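Colleague: I am new to this one and would like to understand the words you use for it. Could you take me through them?

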Amino acid sequence: MAENRYFADQTADESERTRLGLLERSVDPLSQRRLAALGIQPGWRCLEVGAGRGSVARWLAEQVGPQGWVVATDLNPRFLTELTLPNVEVRQHDIGTDPLEPDTYDLAHCRAVLAHLREPYLAVQRMVGALRIGGWLVVEEVDVSSIRAVDAAHPLAE
């Protein structure tokens, strides 16, 4: 499992917890709107890949209710130990190499994960293979290729 090293493995817990908290505060509202637009139903089975501190997994657990199920995976699940909801399972899992149950989930979601993988296409294939027919795959990644300087003539534009 350890071939794809987590880029923040050696980061102090408090620093990484802070980084993940900032990500949650800035992006969770948008992620929740996107996911809610799918029409998540009670009883759905959801896969949250790269769960971080578990904010999306917690939200999904509320949406699917007690008859639903959320599997929250992370290469390093050190911040998921407090995620003890009865309809959430936490797994240490490397989406780059470890298998998933085929044809199981109504929704698979990842955010800010693929950019850190050597072969992101394989991770997408694994998630797609884990979806039931008619299931949803939601991938949220930052597109840094579109970032440009406002003033191309500025000395620091490049």
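Modeller: Gladly! Let us begin with a definition: contact means heavy atoms within 4.5 Å. By that rule alanine 123 touches Ile95, Leu114 and Leu117, leaving aside residues up to four places away in sequence. Please keep in mind that this is a predicted model.

Colleague: Where does alanine 123 lie, and why is it called buried?

Modeller: Alanine 123 lies in helix α3, residues 120–130. Buried means under 20% relative accessible area. Alanine 123 has 0% relative accessibility, so it counts as buried. The C-alpha atoms of alanine 123 and valine 113 are separated by 9.5 Å, and the two are 10 residues apart along the chain.

Colleague: Thanks! How many helices and strands does the protein chain have, and in what order do the elements run?

Modeller: The protein chain has 3 helices and 5 strands. Starting at the N terminus, the order is α-β-α-β-β-β-α-β. Of its 158 residues, 42% count as buried. Among contacts with a separation of 6 or more, 65% come from residues 24 or more positions apart.

Colleague: What is the strand order in the sheet, and what makes β3 and β5 edge strands?

Modeller: The sheet is open, with 5 strands in the order β3-β2-β1-β4-β5 and parallel pairing. Two strands pair if there are at least two bridges between them. β3 (88–92) and β5 (131–140) each pair on one side only, and that makes them the edge strands. On average, neighbouring strands are turned by 15° against each other, direction ignored.

Colleague: How do you know that β2 and β3 pair?

Modeller: The cut-off is at least two bridges. Strand β2 (residues 69–74) and β3 have 5 bridges, in the parallel sense. One example is alanine 72, whose bridge partner in β3 is valine 90.

Colleague: And the helices, where do they sit against the sheet?

Modeller: α2 packs on the sheet and touches β1 (45–49), β2, β3 and β4, with its direction at about 170° to that of β2. α1 lies across β4 (105–111) and β5, running at about 150° to β4.

Colleague: What angle do α1 and α2 make, and which residues meet there?

Modeller: Helix α1 (residues 13–36) and helix α2 (residues 55–64) pack at about 35°, with their axes 10 Å apart. The crossing is right-handed. From α1, Glu24, Asp28, Gln32, Leu35 and Ala36 meet Ser55, Val56, Trp59 and Leu60 of α2. The residues of this contact are 5 nonpolar, 2 polar and 2 charged.

Colleague: Why is α2 described as largely enclosed?

Modeller: Because 7 of its 10 residues are buried, α2 is largely enclosed by the rest of the structure. The buried residues are Ser55, Val56, Ala57, Trp59, Leu60, Ala61 and Val64. They pack against α1, β1, β2, β3 and β4. Just after α2, glycine 65 takes a positive phi of about 70°.

Colleague: Is glutamate 140 buried or exposed, and what joins it to arginine 34?

Modeller: Glutamate 140, which lies in strand β5, has 7% relative accessibility and therefore counts as buried, the limit being under 20%. A polar contact of 2.5 Å joins its side chain to that of arginine 34; the cut-off for such a pair of N or O atoms is within 3.5 Å. Among the residues that glutamate 140 touches are Ser31, His109 and Ala112.

Colleague: What makes aspartate 103 exposed, while alanine 112 is called partly exposed?

Modeller: Exposed means over 50% relative accessible area, and partly exposed lies between the two limits. Aspartate 103 has 55%, so it is exposed. Alanine 112 has 32%, so it is partly exposed.

Colleague: Where are these two found, and what is their phi?

Modeller: Aspartate 103 is found in the loop between β3 and β4, and its phi is near 50°, a positive value in a residue other than glycine. Alanine 112 is found in the loop between β4 and α3. Alanine 112 has a positive phi of about 60°, although it is not a glycine.

Terms used
Residues are numbered from 1 along each chain as its sequence is written. This is a predicted model: local features need pLDDT of at least 70, side-chain atom pairs count only at pLDDT 80 or more; totals for chains, interfaces and linings use all residues. Side-chain values use heavy atoms; hydrogens and water are left out. Axes are lines fitted to C-alpha atoms, for helices over the stretch in contact, and angles run from 0 to 180 degrees between N-to-C directions. Helices (H or I, at least four residues) and strands (E, at least two) are DSSP runs, numbered from the N terminus. A crossing is left-handed if the near helix is turned anticlockwise from the far one by less than a right angle, and right-handed if clockwise. Ala, Val, Leu, Ile, Met, Phe, Trp, Tyr, Cys and Pro count as nonpolar, Asp, Glu, Lys and Arg as charged, and the others, Gly among them, as polar. Buried means under 20% relative accessible area, exposed over 50%, partly exposed in between (1.4 Å probe, protein chains only). A polar contact is a pair of N or O atoms within 3.5 Å; within protein, one must be able to donate a hydrogen and the other to accept it, and residues adjacent in sequence count only if both atoms are side-chain atoms.
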